[in-house]
Amino acid sequence: MISRSYPGLLRPHKIFRGRLNSRHVQYFKDLLGDGSAVIDGVSVDATADLEPFNSDWMRKYKGHTKLVIKPASTEEISQALRYCNDNMLAVVPQGGNSGLVGGSVPVHDEIVLSTSRINTIRSFDPVAGTLVVDAGCILESVDQFLADKGHIFPLDLGAKGSCQIGGNVATNAGGLRLLRYGSLHGNVLGLEVVLPDGTIMDDLTTLRKNNTGYDLKQLFIGGEGTLGIITGVSILCPQRSQAVNVAFFALESFEKVQHAYREAKQQLSEILSAFELMDGRSQDLVHNVTNKKRPLEGDHPFYCLIETSGSNAEHDKEKLHQFLEHVMSEEIVSDGTLADNASQMQSLWSWREGITECLGHWGGVYKYDVSIPLSDLYELVEDTRARLSSAGLVGDTNEHPVVAVVGYGHMGDSNLHLNVATRRFDKAVEEKLEPFVYEWIAKRNGSISAEHGLGLQKKPYIGYSRSETMIRLMKQIKELFDPVGFSLRS
């Protein structure tokens, strides 16, 4: 249980005055209906039904909520939060529950407020490219809707089949398209948010320019649901590229990876949409789990995947082909291949997108989503691997908890995913990793959270990336929006 594993997350004493009881459950049943909109574990044993809401998909975090509510509108969320605020009931918002830092899992017996039933695409303007959706819409479904209209959602994630737009915005998710389209801070035009006291903040504008006072929506983008629950999102969606090409290549050192990235920016500039890094060990694990035929012959220390997106298929493919020829003739790249069709593109992408799922094959995974200056990016993987190996924690047998230490991520964003695949979660491993990883990053002026947020995992370590002044200002903002202090978890 999280409350036992993280004793520092105990709630203030005053919150315990608002313990859930059958009267509270009846209020929500009256508000939302007696059906599946309320999962009641207070009056009856609903352990099995509550389990998906109490655990994250990595099986690392586990809470013990007794009540899940699923409002079907912004107004119902408003009434629910107002009631919780008045009755001192703690709430944790939950979207697709696909996060990696435990931010959507209850610590104690907080009410889980699921946004899964607010899932309507409200409007789309094909001229302006502006989309307005409910927060509970699934990312992949929205992108498919846009594809039919010749547009694209400016975010792509491995969890796109289950993650929700509201959660994406609340965590300021980065993903695979950030290099081309930028972050959600720039793409989100407006938000509809329910504040902790039930007040509805309607800033659901579709204007690209609105310089009237403070841009309050930015506080909720990356706010992880601590200041309010996002219920509606207005976002700018670019035209979908008619020509997409993918190349996959191998390199012998991280220095050559950096050289290849510089060449890609110079030669592919306006059509470059992704530059993804995978180390050799991550690809070995994908191969071991899936038994798929590798894209390239032999073993190499590093692999990169490049995607280009443009309007002229022949022109773009020729540019990518010339780039690949150049980097191979200069011995920057050892080997490479260029996809000939959509099926091959999907196959090459699977070697990057399949890493996350494959790493969990043996048991648990310690995940660190960090930003580091490019020149130092992979050094963290090497130092972490050496640290765990010297402690005797890495090996091929069950007595060693660690299977492998791997690194992959978004080269174009200086964003590394340091992953430690384990046979089981083990305190000895965790003690070697934390705060070592965060101290290492702080010394290089990096960020301990590039795109996953703080959640439960990184909350105690925020001081490694933010100054005392900034933390104090964040606390003041939280107190302003949620003066009672427990309607939404901070």
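The following dialogue examines selected features of a predicted model.

User: Why is Gly-310 called buried?

Analyst: Buried means under 20% relative accessible area. Gly-310 has 13% relative accessibility, and therefore counts as buried. This residue lies in strand E12, residues 302-310.

User: Which residues is Gly-310 in contact with, leaving aside its neighbours within four places in sequence?

Analyst: Contact means heavy atoms within 4.5 Å. With those neighbours left aside, Gly-310 is in contact with Ser-241, Gln-242, Ala-243, Ile-271 and Asp-316.

User: What makes strand E5 and strand E8 stand at the edges of their sheet?

Analyst: The open sheet has five strands in the order E5-E6-E9-E7-E8, and the pairing is antiparallel. Strand E5 (121-125) and strand E8 (200-203) each have a single partner strand, so one side of each is left without a neighbour in the sheet. Neighbouring strands here are turned against each other by 10° on average, direction ignored.

User: What describes the packing of helix H10 and helix H12?

Analyst: Two packed helices are described by the angle between their axes and the distance between the axes. For H10 (residues 254-268) and H12 (residues 313-329), the axes come within 10 Å and cross at roughly 145°. The crossing is right-handed. On the side of H10 the contact is made by Ala-260, Glu-263, Ala-264, Gln-267 and Leu-268, and on the side of H12 by Lys-319, Leu-320, Gln-322, Phe-323, His-326 and Val-327.

User: How many residues of the contact of H10 with H12 are nonpolar, polar and charged?

Analyst: The contact comprises six nonpolar, three polar and two charged residues. Glu and Lys count as charged, and the contact includes Glu-263 of H10 and Lys-319 of H12.

User: Which residues of helix H17 are buried, and what do they pack against?

Analyst: In H17 (residues 436-443), Phe-436, Val-437, Tyr-438, Trp-440 and Ile-441 are buried. These buried residues pack against strand E14 (365-371), helix H15 (379-390), strand E16 (415-422) and helix H16 (427-433). Just after H17, Asn-445 takes a positive phi of about 55°.

Technical notes
Residues are numbered from 1 along each chain as its sequence is written. This is a predicted model: local features need pLDDT of at least 70, side-chain atom pairs count only at pLDDT 80 or more; totals for chains, interfaces and linings use all residues. Side-chain values use heavy atoms; hydrogens and water are left out. Two strands pair if DSSP finds at least two bridges between them. Helices (H or I, at least four residues) and strands (E, at least two) are DSSP runs, numbered from the N terminus. Axes are lines fitted to C-alpha atoms, for helices over the stretch in contact, and angles run from 0 to 180 degrees between N-to-C directions. A crossing is left-handed if the near helix is turned anticlockwise from the far one by less than a right angle, and right-handed if clockwise. Buried means under 20% relative accessible area, exposed over 50%, partly exposed in between (1.4 Å probe, protein chains only).
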